[in-house]
Number of protein chains: 2
Amino acid sequence: MLNQTYLQMLNQKSVIRTLNEYGAQRAKEIGYQNVFDYSLGNPSVPTHPAFTQEMIRLLQEEDPVALHGYSPTLGIPSVRQAVAESLSRRFGLPYTADGIFMTSGAAGALAHALRAVTQPGDELIVFAPFFSEYSAYAQGAGLTLKVVPADTKSFQIPFDKLEEMLTDKVTALLINTPNNPSGAVYSAETLTRLAELLRKKSAELGRPLFLISDEPYREILFHGAQQPYPAAFYEYTLVCYSFSKSLSLPGERIGYVAVAPRFEGWEKIVPMCGQISRGTGHNCPSSIIQLAVSKVLELTSDLSVYETNADILCRELSGLGFEICRPQGTFYIFPRALEEDAVRFCEKAKEFDLLLVPSDGFGVPGHFRAAYCIDTEKVERSLEAFKKLADCYR
Amino acid sequence: MLNQTYLQMLNQKSVIRTLNEYGAQRAKEIGYQNVFDYSLGNPSVPTHPAFTQEMIRLLQEEDPVALHGYSPTLGIPSVRQAVAESLSRRFGLPYTADGIFMTSGAAGALAHALRAVTQPGDELIVFAPFFSEYSAYAQGAGLTLKVVPADTKSFQIPFDKLEEMLTDKVTALLINTPNNPSGAVYSAETLTRLAELLRKKSAELGRPLFLISDEPYREILFHGAQQPYPAAFYEYTLVCYSFSKSLSLPGERIGYVAVAPRFEGWEKIVPMCGQISRGTGHNCPSSIIQLAVSKVLELTSDLSVYETNADILCRELSGLGFEICRPQGTFYIFPRALEEDAVRFCEKAKEFDLLLVPSDGFGVPGHFRAAYCIDTEKVERSLEAFKKLADCYR
C-alpha cells in the first residue's frame with residue numbers, strides 16, 4: 001500500500017539530525033550553554049540588514065497582487081536578469097537571463113541540474129568527502145553514485161583515481177568547492193587539470209561530460225583565499241548556488257542554476273529545468289524572496305566569525321595533536337579522529353558534550369566534521385572539552 | 001547528452017501559458033484594457049492585510065537567525081501544530097501536528113502525496129475535467145493516468161464508469177473539489193457513494209485504495225454553498241492544500257499535506273514525505289512564509305469579486321445561448337463551446353480579444369474554461385465580445 005522505497009528509508013535516520021536532536025535534548029538537561037554542538041551547518045550570523053529592509057519595503061510599497069502573484073516557472077524575469085548581470089560582472093562569463101533558473105535553494109538547483117543532463121541509470125561521479133545528501137539527490141534522479149576516494153592530505157582531486165572511474169556510463173560529475181565537510185578550495189591548477197581531463201574524455205566518448213558545481217560556500221573564504229570559478233575553466237558546467245550561507249537565509253530556500261552560453265544547446269537547459277519542475281512539484285521559489293534577494297546579490301552577512309572560529313580551532317586542535325588540513329573556507333573543519341573508528345570517536349566526544357559528526361557519511365573513514373557556525377565564545381569554552389577528549393587517547 | 005524525456009517535453013507547450021503570453025503581446029498592441037484575458041487562474045484580489053502585517057512584524061521583531069534559519073524538512077513544528085488545530089476545529093477530524101507536512105504549494109503537496117501512496121507503474125484515477133498539470137504530476141511519480149470521463153450535466157462522479165476503471169492496478173484516486181475547471185462542488189451524496197465504493201473495492205483488493213484530495217479552492221464558494229470535507233467521508237484520504245487562492249499568495253508557494261489519524265500506518269505518511277523531499281530537492285517551504293501563514297490560517301482575501309463575476313457571466317452567457325453548469329465555487333466557468341471543436345471555437349474568440357482556454361487539455365471535448373479572476377469592470381466590458389462571438393454561430 002505505502003511506497004516501499006520511502007517506507008524503508010524511514011529507518012535510515014540522518015546521523016547529523018540525530019546528533020542535533022540529541023544536542024537539543026541534552027541542552028534541556030544541562031543548559032544550552034554547556035552543549036558544544038558542532039553538528040549542524042546552520043548559519044549563526046544574521047542576514048544582511050539590506051535584505052530585511054528590502055523585504056519590508058516590498059511589503060509596504062508594492063501592490064500585493066503583483067508581489068505575491070505567480071512567478072514564472074523559470075523565475076521572475078527581472079530577478080533572472082539581475083543574477084545574470086551579477087555573475088557576468090563578477091566572474092567574466094557572458095551569462096544572460098536565459099541561462100538562469102531560480103530554485104528553492106541548492107537542493108532544488110541540484111535536483112534540476114542532475115535531471116537535465118543525465119538519464120536514469122547513468123553514473124554520477126562525486127568526490128569524497130562529499131555532502132551526505134548527494135546520495136539522496138542521486139537516488140532521486142535514478143543515478144548511481146560513484147565516489148572518487150579522498151586525497152586526505154590536500155582534499156584536491158586524485159586524478160589517477162578519477163581517470164579510472166570515468167567509464168562510459170558516466171554522464172556527469174558533481175563538485176563542491178569550497179567543500180563541505182573539508183573546507184578545502186579547489187585550486188586553479190586542480191580545475192585546469194579537471195577541465196583538460198573532461199575535454200579529453202568527452203572527445204573519446206563523442207559526447208560532452210557535464211560538470212555540476214555546487215557552490216553554496218562560494219563567499220565564505222579565509223585570509224584572502226580565492227575560489228577560482230569552476231565554470232570559467234570548463235564550458236559544460238552547470239553552477240548550482242544557494243543564498244543560504246552567504247546571506248544566512250537557509251530557511252528561505254532560494255538559489256539558482258546558472259548556465260553560461262558557451263556550448264551548443266546551452267539554451268535548452270533552463271527550459272528543461274522548467275519541465276522537470278512540473279513533475280517534482282517545484283514550480284518556483286517564493287516570489288517575495290526572489291525579489292528581495294535580487295536587490296542584495298553582491299552583499300553577504302558579516303561572515304568574519306567563521307574565519308575567527310576556524311583560526312581558533314586550527315591552532316588549538318593542532319596543539320592537541322589533531323591532524324588537520326587547514327580549511328580555506330566554509331564553516332567546517334575535518335580533522336583526523338584520534339582513533340580509526342570515527343563513530344566510536346564521536347561517541348566518546350559526546351561524553352564531554354562535544355557533538356562532532358563522524359566522517360563515514362561523507363565517504364571518508366577516520367575523520368570528523370565540526371561545523372563552527374556557532375558563537376566564538378562557545379568555541380573558546382569548548383576547547384577544554386576537546387582537551388579532555390584528546391587526553392583519553394594519550 | 002541532455003535528458004531525452006525533458007528535451008522532448010520542450011515541444012509540448014502549455015496551451016494556457018501560450019494563450020496568456022499571446023494576451024500580454026496583444027495588450028502591448030491594443031492596450032491592456034482591451035484584451036479580455038480569461039486564461040490564467042491567478043488571483044486578482046490582494047492578500048489579507050493581516051498576512052502583510054505579520055510578515056512585517058516578523059521582519060522587524062524576530063531574531064533574523066531564527067526567523068530565516070532552516071525549517072525542519074516536515075515543516076516548522078509550531079506551524080504544523082497550528083494547521084492541525086485549525087483543521088480539527090473546522091472539520092471535526094482529530095488532526096495532530098504529526099499528520100501535517102508543510103509544502104511548496106499544492107504542486108509540492110501533490111508531488112509528495114502521490115509518491116507516498118503509490119509505486120511507479122501504478123494507475124492513478126482522475127476525473128474529467130481535471131487540472132491539466134495532473135498529467136505532469138503523474139508522469140513525475142511514474143504513474144499511469146486513467147481518466148474517468150465527465151458527466152457534463154452535473155460534473156459529479158459517474159460511478160458506473162468509475163467502477164469499471166477500478167482495476168487492480170489502481171492504488172490512488174485524485175479528486176479536486178471545488179473543481180478546476182468546472183467550478184463544481186462534490187456533494188455529500190457523491191462523497192458518501194465514493195467512500196462506500198472505495199471501501200468495498202479496498203476489501204476486495206485486500207489493501208486500501210487511497211484518496212488524494214486537492215483542495216486549493218476550498219474557501220471559494222458562492223451563495224452559501226458548502227464544500228463537504230472529503231477526508232471526513234473516507235479514512236484513507238490525503239488532503240493537499242495551498243494558500244494560493246484563499247490568501248492570494250500563489251507566488252509564495254505555501255501549502256500542506258494533511259493526514260488524519262484514522263487508519264493503521266497513518267503516522268508513517270508524513271515522515272515518508274520527508275524522505276521523498278530529499279530526492280526531489282523540495283526540503284521545505286520558506287520559513288518566514290510558513291510562520292506568517294500560520295497566524296492567518298482562517299482568514300482569506302476578500303473573495304466576493306469571484307461570486308460577483310460568476311453571477312454576471314452565468315446570467316449573460318446563458319442569455320447568449322451558452323449551456324452552462326453553474327459553478328458553485330472557484331473562479332472558473334466551463335460552458336459548452338458553440339461548436340464541437342473547442343480549439344477552433346477559442347481561436348474564433350481571439351478575434352474579439354477574448355482569451356478562453358479550450359477544454360481538451362482538461363480531458364473533456366467541446367467546452368471552454370474562462371478564469372474570471374479579473375476585475376468586474378472588465379468582465380462587464382467583455383460581454384460585448386462574448387455577444388459578437390455568439391453572433392458568429394447564429
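Biologist: At which residue does α15(A) bend, and by about how many degrees?

Modeller: Bear in mind that this is a predicted model. The helix α15(A) bends by about 30 degrees at A:S382. Even so, helix α15 of chain A, which covers residues 376-391 and has 16 residues, reaches 23 Å from its first C-alpha to its last, close to the 22 Å expected at 1.5 Å a residue.

Biologist: Which residues of α15(A) are buried, and what do they pack against?

Modeller: An α-helix has 3.6 residues a turn, so residues three or four places apart point the same way. In α15(A) the buried residues are A:V379, A:S382, A:F386 and A:L389, and A:S382 is also where the helix bends. The partners that these buried residues pack against, in chain A, are β1 (36-37), α13 (304-319), α14 (342-350) and β10 (354-355).

Biologist: In which sense, parallel or antiparallel, do β3 and β4 of chain B pair?

Modeller: Strand β3 (residues 123-127) and strand β4 (residues 144-148) of chain B pair in the parallel sense, over five bridges; B:I125, for instance, has B:K146 in β4(B) as its bridge partner. Between β3(B) and β4(B) the chain crosses through helix α7 (residues 134-140) of chain B, and this β-α-β crossover is right-handed.

Biologist: What rotation superposes chain A on chain B?

Modeller: A rotation of 180 degrees, with 0.0 Å of shift along its axis, superposes chain A on chain B with an RMSD of 0.0 Å. The two copies are therefore related as by a two-fold rotation axis. The same surface serves both copies, for 100% of the contact residues of chain A recur in chain B.

Notes. Residues numbered from 1 in each chain as written. Chains lettered and ligands numbered in written order. Predicted model: local features only at pLDDT ≥ 70, side-chain atom pairs only at ≥ 80, totals over all residues. Least-squares fit on C-alpha atoms with pLDDT ≥ 70 in both. Contact = placed C-beta atoms within 7 Å. Helix = DSSP H or I, 4+ residues; strand = E, 2+ residues; numbered from the N terminus. Expected span 1.5 Å × (residues − 1). Bend = angle between axes of the 7 residues up to and from the residue. Buried ≥ 20, exposed ≤ 12 C-beta atoms within 10 Å, placed from the backbone. Pairing = 2+ DSSP bridges. Right-handed = clockwise from strand over helix to strand, strands pointing away.
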